[in-house]
Structures are given as C-alpha cells and as structure tokens.
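Here is a short report on one protein model. Look at the sequence and the 3D view, then read on.

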Amino acid sequence: MAKVYPDQEEPTFSSCPSYGPHTYTLWMKSLVCNSNGCTVYDSNGLIVYRVDNYDTKGRRDVNLLDLRGRVLCTIHKRVLGFGRWDVYRSSCDSSNSENQEKPWFQVKRCHEMMTGKVTCQISTVECQKYCIEKIGAKTAFRIVNTDDGDIVAHAKQKHSTSGVILGSDVLTLDVEGGIDHSLVMAFVTVFGLICGRM
C-alpha cells in the first residue's frame, strides 16, 4: 500500500503555512491504534494537524490538535440542536472567559431533499458565512465563501504520483490563500463528524 507521507520512513512533524495556498493530504484515520480520527499531512509528508477520538466514534466533544498536540479548537455538538455544532477556539489566556464562552463559529447541517445533497451552513464571529457542499456520492467536498461565491478549499480522493487511486479514506485537500488554515481544518473536522467518518 502506498504511504500517505511521501519519502519518509517515519511520520515526522512540521509547522505549516497559515494563510498561503497549500495542498494537504487528509488520512481519515487516527495515529492512535484502534482509534477514530483524522491525520493531516502537508505537501512534504509531515504531520500538521490531527484529531483523535480514541475508541469513541461521533463524540459530542472533539478536539482539533496541532502537530505538538496543542488543542486549537473544541467542537461541541448540541444535545438538542438537531444537526448543530458550536466550535470554540482555544486561547492561550485561560482567564479570558469571554473567548471561551463565545463560539468561534457555528455549523448547521442542511439536507436538500430534491438533490439528496448534504451541505453545512457556517457562521463565524466575524460575520463571515461559508458553506460545505458534498460533491456527488463520493468523498469529495468543497468549502465556499457564500458572501462572494469563492471556493476557499476543495477535497477529492487522492491519486498517487503514478496515477493509482488511493482508498476512500485518503483525500487531497487544496486550500486557497487568504484564509486561516486552522479554520479550514476545523470546518473539515465538523464535516467529517457530520458524515460519520470520525
């Protein structure tokens, strides 16, 4: 089986760009044995983000971690929210209770009855609005800025350099410039939970 991380004997860790265009590899598996989650590699095959749910799939509270295991944000599913998630950004200043109580962004799941398409509506604290759209019956999806219609990121099943299609749990994610990549990864994590992949 082809390695997800190219030209590396062991997975290593690296920092990643925050706002420039970049291509990532999403492996919808945890590095922890027999766990649910997701591991994100940069274009050099180095680990940059991860989600570990351990032995529980579809947990109500999920953390997005950086390469060093620092929590970037916590994703909380509302108990009676009917397909709603609140995402809280972690703050270095634990005394800043206002930051901890106010969601970074909120996600509402939508289901288009006519097309059967699963979509998500996202509203951030900066009043920006995004939408995640599943493309076809495959694992592909895209993230769209609904204010201007620009696609800020899109994912599709990964192909190896020789053209071999990898498993459905390995995706290529292209992120455009001008957006915080940790925000995009938080979007991707919520969408993975909605689709039951984590």
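## A histidine in a strand

His154 is partly exposed, at 29% relative accessibility. Buried means under 20% relative accessible area, exposed means over 50%, and partly exposed lies in between (1.4 Å probe, protein chains only). His154 sits in strand E11, residues 151-157. Strands (E, at least two residues) and helices (H or I, at least four) are DSSP runs, numbered from the N terminus. The C-alpha atoms of His154 and Val175 are 6.8 Å apart, though 21 residues separate them along the chain.

## About the model

The model is predicted: local features need pLDDT of at least 70, side-chain atom pairs count only at pLDDT 80 or more, and totals for chains, interfaces and linings use all residues. Residues are numbered from 1 along each chain as its sequence is written, and side-chain values use heavy atoms, without hydrogens and water.

## Two cysteines

How many disulfides are there? A disulfide is a pair of cysteine sulfur atoms within 2.5 Å. By this rule the count is zero. Cys120 is in no disulfide, and its nearest cysteine sulfur, that of Cys195, is 7.0 Å away. Cys195 is in no disulfide either.

Are these cysteines buried or exposed? Cys120 is buried, with 0% relative accessibility. Cys195 is partly exposed, at 31% relative accessible area.

## A glutamate in a loop

Glu176 lies in the loop between strand E12 (170-175) and helix H2 (181-194). Glu176 counts as partly exposed, because its relative accessibility is 35%.
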